[in-house]
Amino acid sequence: MNKAWRSRNHPAYWAFIVHRLSGLLLVLFLPFHFWALGRALHGAAAMDGFLRWTDQPLVKFAELGLVVLLGAHFTGGVRLLMLEFLDWREWQKALLAVATVVTVAIGIVFLVHVA
Amino acid sequence: MTSTSDKLTVRVWRGAADGEFRAYDVPRLPSQTVLDVVTHIQRAIDPNLSYRFACRVGMCGSCAMSVNGVARWTCRTHVDKVVDGNGELELGPLRNLPVIKDLVCDMRSFFDKWASARGYFHPTRNRTDDLERISPTSRARKRADAGVECIGCGVCYSSCDVVSWRPDYLGPAALNRAWTLINDVRDGGRAERIAAVAGDSGCHACHTHISCTERCPKGISPTASIAGLKRATALAALKGEL
């Protein structure tokens, strides 16, 4: 069995994967986002109808996923900017922990707000 | 000794790129290093096995191999720390370098990239000049110190996925060397070095996976050095020096 994957099993590499995947998934969401905004061009009724559709529990749950993806990609990006543009400290794993906590906090705030 | 078994099953890569793993039984000993295991195989079981080592004390950087999938210096890696629960070790050549035979890689591309990154000192004084006085507490000296203990083992280069993805990438070791020289106030090659590391195959190709820093046996952070180069090249571009 090839064991080369073990070389990548460390927190910063997982952070890279999360950042890359969240970015790709958000790119896939963007066309839908623009389509949703485009509903407003068809009048208030079309937009309101769409907004009522988004009040369904399953759609709200999907929105939670979206918010967490946004949080992960945003905090991951800020982490990278800090690593690369501020003077290096032995803090890269602490930054990772902060990015994770902020992402989870964003998700919880969204949940509380929805509930 | 913390092990429960008195025997190791060691799978060793044999051949060049199209080789295969071959299994050997090796007696397990207290304080045994991975290099001890390879040496036992060559001296007691299979004299045809090729591998490199020299100092055996973590100074020369020649004995790096893939140990259970992770690049390590084998002379300072204790078997107890890396062996799988079932007493298995898998030893292969370093990744990202052409395999010559068994555990021996062709290191030319690795060291050629040090030259491409202008990883050599460019003197500005001659023997009649006075010595440069550098405060050990100066920022530049501290930055150079942080990266200067590299032994050129290739562990970072082998652990870097960007090197796998784009083979022209200069890699963590060469860029780390460039950063130590940029922070050497005696050096006169700064401008051409900044230009050498600013291109598509230079520091900006780094994805900050931090695998190099994670795996460096000397505790150096090439990622920190590459981040420094990213700032230095960005600044040089803003000043119109690139």
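Two residues are in contact if their C-beta atoms, placed from the backbone, lie within 7 Å. The model is predicted, and local features need pLDDT of at least 70, side-chain atom pairs count only at pLDDT 80 or more, while totals for chains, interfaces and linings use all residues. Residues are numbered from 1 along each chain as its sequence is written, and chains are lettered from A, with ligands numbered from 1, in the order in which they are written.

**Exercise 1. Describe how chain A meets chain B.**

Start with the count: 16 residues of chain A touch 18 residues of chain B under the contact rule. Next, look for the elements involved, where helices (H or I, at least four residues) and strands (E, at least two) are DSSP runs numbered from the N terminus. Helix 1 and helix 3 (57–85) of chain A each supply at least two residues of the side that touches chain B, and the largest share, four residues, comes from helix 3 of chain A. Finally, sort this side of chain A by class: it divides into nine nonpolar, three polar and four charged residues, where Ala, Val, Leu, Ile, Met, Phe, Trp, Tyr, Cys and Pro count as nonpolar, Asp, Glu, Lys and Arg as charged, and the others, Gly among them, as polar.

**Exercise 2. Work out how helix 1 and helix 4 of chain A are arranged.**

Helix 1 (residues 11–38) and helix 4 (residues 92–114) of chain A pack at an angle of about 40°, and their axes are 10 Å apart; axes are lines fitted to C-alpha atoms, for helices over the stretch in contact, and angles run from 0 to 180 degrees between N-to-C directions. The two helices of chain A are therefore oblique to each other, given that angles under 35 degrees count as roughly parallel, over 145 as roughly antiparallel, 65 to 115 as roughly perpendicular and the rest as oblique. On the side of helix 1 of chain A the contact is made by A:Pro11, A:Ala12 and A:Ala15, and on the side of helix 4 of chain A by A:Gln92, A:Lys93 and A:Leu96. By class, this contact has four nonpolar, one polar and one charged residues.

**Exercise 3. Describe the division of chain B into domains.**

Chain B is divided into domain 1 (7–105) and domain 2 (108–238), with bounds that come from an automatic or database domain assignment. The C-alpha centres of these domains of chain B lie 29 Å apart, and 14 residues of domain 1 are in contact with 15 residues of domain 2. Strand 4 (residues 70–73) of chain B gives the most to the domain 1 side, with four residues.
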